[in-house]
Structures are given as C-alpha cells and as structure tokens.
Amino acid sequence: MNIGLVVSKKVREFLKDEFLVKIYKESGIPYVAEFGDYLANDVRDNELQGLLIVSEYDMSKFVADADERLGLNPLAIEVLPLSWFFDKSENYRFALLMAYIRKLSRQELVYRLQPVKNVTISRRSLIKFKLYEYMPYPVLFDSIFAEREINTLISSCPKGVLAKTVEGVGVTSPENCSYCGYCTAKGYLGYLEMPTFTTDQLVYFINSINYYDEKAKAIIFTKFKDIPLQEGYYPLLVPSLASVPDIFLYITYASGLVPVLLIDNEISEIEKKRLDEIPVYFPGSKLPIYKVKIEELQNLKLKNELRKSLIPEELPLRKYRRRNLYLWAIEEMRNKVKLDEEAEVPDIYFVSIDPEKCVLCGVCVRACQMMVPDLKNISDTMSLEYNIPMCIGSQRCVKNCPENAIKVERFAKIKELKKITVNKAVLAKCRYCGKPIGSVKVKNKVDSLLIGMGFSGTAQYTDVCNECKQKMLTKVWLENYLKLKGGK
C-alpha cells in the first residue's frame with residue numbers, strides 16, 4: 001500500500017526537516033508533508049491508500065471523516081502522539097516511524113471491510129447523511145479448510161457472530177461484533193485477522209525495530225497512547241489486549257525483544273479472560289511474559305541480553321501461517337538460550353500410535369487436514385510418519401482409525417517437535433507385477449476378515465494389484481465367453 005506521512009507544524013519543528021527527509025528517502029514512501037488544506041488533493045495525486053499522522057492533537061474526528069475528507073478508509077490511518085518522541089534519541093524516533101510506516105504498508109485487509117450502520121445516530125451524522133461507520137471486525141486473510149481451526153474460531157466468539165462460510169469462517173453481523181479480536185487470538189493458524197493488527201504487520205513492525213535500533217529492548221503491546229515511554233521501549237498499538245495471540249509474544253521474544261502487555265485497572269471481561277490464558281513464560285524457559293500496569297511502566301527495568309534476529313517475512317504468507325512462526329520461535333530460542341527439552345509446548349499436540357494395533361492402512365493420512373501423518377515406501381518396508389509440529393489436535397485421525405490405534409492426549413514436548421516414525425511393516429507387493437499394494441499387516445487383516453466371512457476364494461486375490469486383477473478378470477471373462485460361444 002502507498003503510505004503518506006503527515007505531521008503537524010509543531011511536530012515538524014520538533015523533528016526537523018532534515019530528519020523527515022531522511023525518513024522519506026529511507027522508507028521510499030511517496031509523500032511526507034505538514035498538514036494543510038491541500039492534503040485531500042495530495043492524497044489523490046499521490047494515490048495514497050493510508051496515512052501515518054504524528055500530532056499533538058486529538059485527531060479522532062479528522063480520522064472518522066477521512067472517507068469524506070480524503071477518500072481514505074479511516075482504518076487505514078494511524079495517529080501517533082508527539083509525546084512518544086519526547087526525550088528520545090534520533091535513532092529511537094527514526095526506528096519508531098519506520099516501524100509504523102512498514103506496519104501500515106501491510107494493512108491491505110482494511111479495504112476488505114464494508115461500512116456498518118451507526119449504532120448511535122447523532123445530529124451531526126444526520127445533517128451529513130452519514131449513517132454508517134468503519135469498524136475493524138475480523139476478516140479472513142485467505143480461505144481456510146481446517147475443520148479444527150474453523151470450529152475453534154466460531155466457538156471462541158463472545159458475541160456468537162461468527163459462522164461457517166464458503167471461505168471458512170466470517171462475521172455474520174459486523175454491527176453486533178465487539179471488535180475485541182479474541183477470536184483471532186485463539187486460532188492455531190492465524191487465517192482470521194484483525195485488519196489493523198495482522199500477523200505480517202507484527203512481523204514487519206518487529207523487524208523494523210531490530211533493523212534500525214540494535215539497542216531496542218522491548219515491544220509494549222498497548223491500546224493506550226497517553227503512556228510514559230523509556231528509550232528502547234517501543235509501543236505497538238493494538239485494538240484490544242484480547243486480540244494478542246500467544247504466538248505474537250513468542251516471536252517477539254525470539255526476535256530478541258521482550259514482550260510487555262500494558263494493562264489498565266479497568267479492563268473488559270474478555271480482556272481479563274485473555275490475559276489469564278496467556279502463558280507466564282516462553283515455553284521451556286523462565287523468560288517471563290510481562291503484564292504491566294500503566295503506572296508501573298516508567299519504572300520497568302528490563303535486562304535484555306538476547307541476540308537480535310530478523311523474523312523471516314515469508315513465513316506468515318505460507319500455508320499454516322502462525323504455526324510456521326511458532327516453530328521458528330522455538331528453534332530460534334533454542335539457539336539463544338537453553339530450553340527445557342522436556343517442557344510441553346502449548347497448542348502443539350503429540351500423537352501416539354499403538355504399533356500392535358496399527359496396520360498402516362492409511363486412513364489417518366487421508367483424514368488429517370494438516371497432513372501430519374504420511375506413509376512412505378522404502379525398499380521392502382512401509383513406514384508411517386507423523387509430523388508432530390503440525391498437529392493442532394483435531395483428532396480426525398483418532399475418530400477415523402478403524403483399529404483404534406491412535407491417541408492424542410497431551411501437548412508435545414520441545415524434544416518431540418520433529419517428524420517421528422510411529423510404525424513400520426513389510427511392504428506387500430503384487431505377485432504378478434511387483435507393484436507395492438500396501439502393508440503385509442493390511443493384507444493379513446483383510447485375509448482373515450474374508451475367510452471369516454466365508455469368502456476364502458476371494459482371499460487369494462488380496463496380493464494382486466488392481467491393474468493385474470482387472471487383467472485376470474478380463475481373461476476369465478473371455479475364456480468363459482469363448483466356452484459359451486463354442487458350446488452354441
């Protein structure tokens with residue numbers, strides 16, 4: 001998205017033109033200017049799709065009318081207070097602005113939102129005939145197929161306004177949505193996003209901080225702007241504390257920054273519920289997830305000796321999105337600190353197979369939507385592998401296994417985050433052409449079932465592939481046809 005940077009006169013005088021020119025050149029954005037009556041024309045001429053505003057004023061009314069004033073979706077505008085830049089080094093100011101510019105550049109989802117009816121109608125809105133408003137209800141990043149993910153999202157909504165759609169899940173009545181973002185925080189994969197606080201926006205924000213400030217200490221997840229900030233502590237505006245997933249906090253730590261959740265004395269019930277769910281530590285470590293009140297922020301002293309890392313920006317764009325980031329965070333932290341390999345990893349499930357019951361029939365492979373199980377043929381052996389890190393606990397394999405050989409009863413341990421071979425068997429081959437047809441265990445199972453049901457004649461063909469079986473049946477049919485024709 002084309003992003004413009006707009007500052008008030010006081011901000012321009014404070015930051016200096018030389019600094020703003022430096023931002024303009026480094027960011028590559030097409031527009032940097034001071035507020036003026038020409039802004040609407042400049043937005044149109046530069047084809048801007050979003051604005052980053054820095055001002056000492058409350059810009060809420062200006063932003064609310066941005067669709068009329070500027071032709072921009074109000075949600076595509078971010079306002080930063082001038083106070084955030086006071087008593088800070090030029091390097092801090094530069095990194096903060098670059099981070100928000102890059103964050104806004106990844107805000108395409110706001111343009112998928114449709115305006116909703118105003119909940120309250122004011123005299124001003126009636127005069128202007130503006131009976132709608134833009135609200136940041138959750139939207140799909142891409143279509144989603146995993147049943148477990150869809151059901152989790154739907155059941156998590158405190159308002160009950162999520163339902164299944166052709167693409168996966170959607171908000172049925174945006175006007176009734178509370179815009180808390182709790183549903184987006186509960187997903188395993190991250191396909192449902194808050195349009196102003198997406199997974200890739202967070203990745204771009206963190207990477208910008210680490211790239212431009214090697215002394216950065218922490219990311220402050222906050223919905224408040226009037227807060228005291230120390231050098232090295234970077235505020236990230238969020239819709240609600242309920243919208244912050246565990247994985248966002250994990251990748252912040254893995255990048256070398258400390259995640260801090262800023263809480264107020266008066267928080268909503270859904271925010272309180274979410275805060276209670278958030279883990280106390282990064283998995284397998286004693287690195288705490290800080291939950292700090294506003295009055296404590298100024299005196300917060302963090303010792304951060306973690307090496308900085310840039311998060312691979314392609315990970316949230318790949319299939320399974322946040323799961324990819326989760327696994328990256330675990331592996332990255334393994335390289336920085338000593339993790340307890342016996343510690344369980346929340347939301348990644350361990351699958352256990354009873355090799356005595358499992359016949360390697362492949363039903364679990366076909367049932368799993370996350371492609372966790374896989375059958376492989378190597379020489380004369382057939383093996384069943386499970387890619388444990390991708391298991392989200394749907395239990396589709398458990399429900400569909402005809403032998404009741406599978407259990408999913410706990411989270412995986414850090415040492416178990418890998419592909420594991422859970423069973424092996426001799427590979428059965430067609431006695432005519434030698435083509436693999438499955439495991440000997442399956443053949444023996446089918447043989448015993450057929451014989452037990454009185455079909456011993458049919459049992460002699462269980463070691464023949466379909467192609468050869470068709471040839472045999474065709475040969476028998478021709479022989480019978482010729483006999484019948486010769487008899488006449």
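These legends accompany close-up views of a predicted model.

**Figure 1. Confidence along the protein chain.** The structure is a predicted model. Mean pLDDT for the protein chain is 91. A score of at least 70 is reached by 95% of the residues. Confidence is lowest in helix 7, residues 123-127, where the mean is 54. It is highest in helix 11, residues 246-254, at 98.

**Figure 2. Helix 10, a mostly covered helix.** Helix 10 runs over residues 199-212. Of its 14 residues, 13 are buried. Its length can be checked from the residue count. At 1.5 Å a residue, the 14 residues should span 20 Å. The end C-alpha atoms are 20 Å apart, so expectation and model agree.

**Figure 3. Lys336, a buried lysine without a salt bridge.** Lys336 sits in the loop between helix 14 (322-334) and strand 15 (344-353). The residue is buried, yet it has no salt bridge. Which side chain of opposite charge is nearest to Lys336? It is Glu332, 4.0 Å away. Polar partners are found elsewhere. A polar atom of the Lys336 side chain lies 2.6 Å from the backbone oxygen of Arg307. The Lys336 side chain also makes a polar contact with the side chain of Ser309, at 2.7 Å. Beyond its neighbours within four places in sequence, Lys336 is in contact with Leu306, Arg307, Lys308 and Ser309, and with Ala254, Ser255 and Gly256.

**Figure 4. Ser105 in helix 6.** Ser105 belongs to helix 6, residues 90-105. Its side chain reaches the backbone oxygen of Arg102 at 2.6 Å. Which residues does Ser105 contact, leaving aside its neighbours within four places in sequence? They are Met1 and Ile3.

**Figure 5. The salt bridge between Glu342 and Lys415.** Side chains of opposite charge can pair when their charged atoms come close. The count for this model comes to 26 salt bridges. In the pair shown, the closest N and O atoms of Glu342 and Lys415 are 2.7 Å apart. Glu342 lies in the loop between helix 14 and strand 15, and Lys415 in the loop between strand 18 (406-413) and strand 19 (419-429), so the bridge ties together parts that are 73 residues apart in sequence. Glu342 is partly exposed, with a relative accessible area of 41%. Lys415 is partly exposed too, at 37%.

**Figure 6. The salt bridge between Arg431 and Asp463.** The two side chains meet at 2.3 Å, N to O. Arg431 is in the loop between strand 19 and strand 20 (436-439), and Asp463 is in the loop between helix 17 (440-452) and helix 18 (466-487), so this pair ties together parts that are 32 residues apart in sequence. Are the two partners buried or exposed? Arg431 is partly exposed, at a relative accessible area of 40%. Asp463 counts as buried, at 19%.

Figure 7. The closest N and O atoms of Asp45 and Arg44 are 3.6 Å apart, and the two form a salt bridge. Asp45 counts as exposed because its relative accessibility is 54%. Arg44 is exposed as well, with a relative accessible area of 54%.

Figure 8. Helix 17 has 13 residues. At 1.5 Å a residue, these should span 18 Å. The end C-alpha atoms of helix 17 are 18 Å apart, so the span agrees.

**Figure 9. Positive phi at Met371 and Ser379.** Neither residue shown is a glycine. Where does Met371 lie? It is in the loop between helix 15 (363-367) and strand 16 (373-378). Phi of Met371 is near 55 degrees. Met371 counts as exposed because its relative accessibility is 53%. Ser379 is found in the loop between strand 16 and strand 17 (381-387). Its phi is positive, at about 60 degrees. Ser379 counts as exposed, with 61% relative accessibility.

Terms used: Residues are numbered from 1 along each chain as its sequence is written. This is a predicted model: local features need pLDDT of at least 70, side-chain atom pairs count only at pLDDT 80 or more; totals for chains, interfaces and linings use all residues. Side-chain values use heavy atoms; hydrogens and water are left out. Helices (H or I, at least four residues) and strands (E, at least two) are DSSP runs, numbered from the N terminus. The expected span of a helix is 1.5 Å times one less than its number of residues. Buried means under 20% relative accessible area, exposed over 50%, partly exposed in between (1.4 Å probe, protein chains only). Lys and Arg count as positive and Asp and Glu as negative; His and the chain ends are not counted. A polar contact is a pair of N or O atoms within 3.5 Å; within protein, one must be able to donate a hydrogen and the other to accept it, and residues adjacent in sequence count only if both atoms are side-chain atoms. Contact means heavy atoms within 4.5 Å. pLDDT is the predictor's confidence in each residue, from 0 to 100.
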